[in-house]
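Me: I've got a model open and I'd like to learn to read it feature by feature. Can we go through it together?
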Amino acid sequence: MANQQQDTANGAAKVPAKGKVSNGVILASCVVFVCGMVGAAFASVPLYRLFCQVTGYNGTTQRVEQYSETVLDRTIRVSFDANTSSGLNWDFKPVDRMVEPKIGETIQISYKATNRSATPTTGTAVFNVTPMEAAVYFNKVQCFCFTETTLQPGQTLDMPVVFFVDPEIVKSEETRNIKNITLSYTFYPSQGAKPVAGLKGEKADSAKKL
């Protein structure tokens, strides 16, 4: 009886130690998992972008190489929106606020960007379409999205967008009654881009340290 009680006490004494080891393993596993997820997120950005462009997922329009061969006797209103994130001192806006092309008709509109800062800056535009169901039918033949655009101080640049709305939009139950589409662009500072003035300052600092 005494031996059983002693064994029970020894077993109870070992539980906390086992618990400490388990907590350490769990903590390490969580750290590895989080680091892995962050790494995967950065690595998957190009693939996610490509997936969105191909499928129209998340309101991303599709890129095509040819114009529509079918034009319907029905119009659809397309509005244009422009945004600039913090850190990019640009005046960015659509030249045309709204157009009403026929479905299937290829049309060109323009956006305009002006660099209001005193140094050359580089931005990259991303875009989406609302309602999201219409994105897969919004085909762009030419656009400035996902490419780096560098503007000199005070420079203004006209950026054309050539697009058409696929006539197949009227055949889908989810999209046949859509009458308004909005194409929205947002410009972000390009990663790794540095103003010329900033580079000069860094060289000066390096010279001082030498």
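Me: Let me start with one side chain: is E100 buried, partly exposed or exposed?

Reply: Keep in mind that this is a predicted model. For burial, look at the relative accessible area: under 20% is buried and over 50% is exposed. E100 comes out at 43%, so it is partly exposed.

Me: Which residue does E100 form a salt bridge with?

Reply: The idea is to look for a Lys or Arg side-chain nitrogen within 4 Å of an Asp or Glu carboxyl oxygen. Here the partner is R77, with the closest N and O atoms 3.3 Å apart. R77 is partly exposed too, at a relative accessible area of 36%.

Me: Where do R77 and E100 lie in the fold?

Reply: R77 is in strand β2, which covers residues 77-84, while E100 is in the loop between β4 (98-99) and β5 (107-115). The two are 23 residues apart in sequence, so the pair ties together separate parts of the chain.

Me: How many salt bridges does the count come to?

Reply: The count is four. Among them is E168 with K171, at 3.2 Å from N to O. E168 is partly exposed at 37% relative accessibility, whereas K171 counts as exposed at 57%. Another is E173 with R176, where N and O are 3.7 Å apart. There the Glu is the exposed one, with E173 at 61%, and R176 is partly exposed at 34%.

Me: On to cysteines. How many disulfides does a search of the whole structure find?

Reply: For this one, you check the sulfur-to-sulfur distance, and the cut-off is 2.5 Å. The search finds one disulfide. It joins C143 and C145, whose sulfur atoms sit 2.4 Å apart.

Me: Are C143 and C145 buried or exposed?

Reply: Go back to the accessible areas. C143 has a relative accessible area of 14%, which makes it buried. C145 is buried as well, at 4%.

Me: Let's zoom out. How many helices and strands does the protein have?

Reply: Two helices and ten strands.

Me: In what sense do β6 and β8 pair, parallel or antiparallel?

Reply: Antiparallel, over four bridges, with β6 spanning residues 121-130. To find the pairing on screen, pick T121 and look across to L151 in β8, which stands opposite.

Me: What do the contacts say about sequence separation?

Reply: Take the contacts between residues at least 6 apart in sequence, then ask what share of them reach at least 24. In this protein that share is 75%.

Technical notes. Residues are numbered from 1 along each chain as its sequence is written. This is a predicted model: local features need pLDDT of at least 70, side-chain atom pairs count only at pLDDT 80 or more; totals for chains, interfaces and linings use all residues. Side-chain values use heavy atoms; hydrogens and water are left out. Buried means under 20% relative accessible area, exposed over 50%, partly exposed in between (1.4 Å probe, protein chains only). Contact means heavy atoms within 4.5 Å. Two strands pair if DSSP finds at least two bridges between them.
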